[in-house]
Amino acid sequence: MKSFYVKTFGCQMNENDSERIVTILRRQGMTPAASEEIADVVVFNTCTIRENADNRFFGQVNKLRERRAVDPGMRIVVAGCLAQGEQAAIFERAPHVDVVVGTHALGSIAQLLERSDGERHVIDVTEASDGLDPLADLVAEPTDGHKAWVTIQTGCDNNCAFCIVPQVRGGEVSRPFQAVVDEVRSLASQGVTEVTLLGQNVNSYGRDLTRRMRREEIESGDRGFLTGQVYVSDSIPRIRPLFADLLRAVGAVDGIRRVRFTSPHPKDMREETFQAMAESPMVCESLHFPLQSGSDRILAAMHRGYRGERFFEKLQLAREIIPDLAVTTDIIVGFPGETEDDFEATLELVARCEFDSAFTFIYSPRPGTEAGEWRDRFIAPEVIAERFERLKLVTERSAAAKHHARVGRIEEVLVDGPSKRDATVASGRTRQNKLVHVAGLDGDRYRGEYVNARIFDAGAHFLHGELLARD
Ligand code: SAH
Ligand code: SF4
Ligand code: F3S
């Protein structure tokens, strides 16, 4: 019996794809191996969002070069976004790789492996036909028994000047409403209580599922329609499922206690989504709202489709509608042409937004993207490094304040397991997605359980809690 090991480099969607790869390989009768050093089949599920993601992959795959040379039965598979975007470079820089499989061809990984028995350098990076559900029949087995990712949409129709995702993931395709709800039902029946809905632009979910209303539907005047089908407006006789409906429907699935999602795009975020979050008790008070820059000039150059002030207004609306909302963000430092004034506008807006935490990235030119060509506007690395540190001070200040504000409160914690550092401490997440270490709780025994903890201390990246009562 052959063994496999899947190594994931990218975002949550990439992790969800890895879970699909695991399902496919298990169905082939393969068993998981403890590490890539001993596995017969090693799958690298790659990411190419920034250059360091590429480099990390090439570093890891090259470590297997010697072993592959002496082990004819071993196979190395490269899947994911880098595989889709840089097919040629992979075989050039790592000729010991056997199979390259792109993001659209994931489902054929078993057949490609089979082909590699008689063929050197097997590759499939064909793109999916438009509008088809690329994930149909590709079941993902959740890695954790109590939490699961659910991809609701693949690809992206935006054209942010810095971003490679549309190139490597294709255009936006929404999975059918009922397919998503059925997947969540099936997960819940297996014991999953928390789901995170995934997409590159979740609140444009359903845009590609819009359909013209049938005459009987228009004439009946009935605005109820099918589950998840919302009437767009009186002047446009069309219906489509909205992301807000999906949130409500997923939150209503028996057994589901927490619903999260990532990422929405600020330009498409609408009040109805905030309303659905507030009204659906299972949807967590946690929002990832990627700002990218606080300078209107840079936001325009990035093609983000909003100004700083508009972002701030939407954020305030979200906080008004959803009590106790935690907000995280993404910010890029050193986008081509970013002046000191632009950067100061970012610092200022970030300070006003008071994020719970921020993922800050150094701009990385990606081949084939619009901004990747703007070499004459690239910012010197030492300038970026200095800006990066200044930004961190501002984001850490609000993060610490938000953490300290939770001291003395009672939080519901979903236990993920024992803390990595101390086995007498259990770690888990609050509804706001904050990491909590609960003292004196057996993390193995309580894995997947909801407990109430009183927060007695706060660090920069986690909270300390004591067990109050079992739920
Ligand atoms: N669809 C998501 C983003 C996915 S990529 C969204 O729109 O929010 C995750 C984050 O990586 C982005 O929000 C951005 O901040 C960062 N990123 C993307 N391309 C980048 C690049 N070329 N250099 C640096 N950071 C980048
Ligand atoms: Fe990239 Fe922009 Fe699409 Fe996000 S919305 S995946 S940043 S192009
Ligand atoms: Fe995700 Fe990286 Fe692809 S962030 S979509 S795995 S390029």
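Guide: Two strands are taken to pair if DSSP finds at least two bridges between them. The model under discussion is predicted.

Visitor: In E14, which residue is the bridge partner of Leu 198?

Guide: Strand E10 (residues 194-198) is joined to E14 by five bridges, and the two run parallel. Leu 198 has its bridge partner in E14, and that partner is Thr 262.

Visitor: Is strand E4 largely enclosed or left open by the rest of the structure, and why?

Guide: Strand E4 (residues 75-80) is joined by six bridges to strand E3 (residues 41-46), running parallel, with Val 42 opposite Ile 76. Three bridges join E4 to strand E5 (residues 99-101), also running parallel, and Val 78 has Val 100 as its bridge partner there. Because six of the six residues of E4 are buried, the rest of the structure leaves this strand largely enclosed.

Visitor: Is Cys 160 buried or exposed, and what is its relative accessible area?

Guide: Cys 160 is placed in the loop between strand E8 (153-154) and helix H7 (165-169). Beyond residues up to four places away in sequence, Cys 160 touches His 265, Met 302 and Arg 304. Buried means under 20% relative accessible area. Cys 160 is therefore buried, at 12%.

Visitor: Which residues does the UniProt annotation "binding site" cover?

Guide: The residues around ligand 2 include Cys 156, Cys 160, Cys 163, His 265 and Arg 304. Cys 163 lies in the loop between E8 and H7 and, neighbours within four places in sequence aside, contacts Ile 49 and Thr 369. According to the unreviewed UniProt entry, the "binding site" annotation covers Cys 156, Cys 160 and Cys 163.

Visitor: By class, how many charged residues has the shell around ligand 3?

Guide: Ligand 3 is surrounded by residues including Cys 11, Cys 47, Cys 81, Arg 169 and Gln 200. Its shell has four nonpolar and four polar residues, and the number of charged residues is one.

Note on methods: Residues numbered from 1 in each chain as written. Chains lettered and ligands numbered in written order. Predicted model: local features only at pLDDT ≥ 70, side-chain atom pairs only at ≥ 80, totals over all residues. Heavy atoms only, no water. Near = heavy atom within 4 Å. UniProt positions renumbered as here; feature names shortened; annotations may be inferred. Helix = DSSP H or I, 4+ residues; strand = E, 2+ residues; numbered from the N terminus. Buried < 20%, exposed > 50% of the residue type's maximum accessible area, 1.4 Å probe, protein only. Contact = heavy atoms within 4.5 Å. Nonpolar A, V, L, I, M, F, W, Y, C, P; charged D, E, K, R; others polar.
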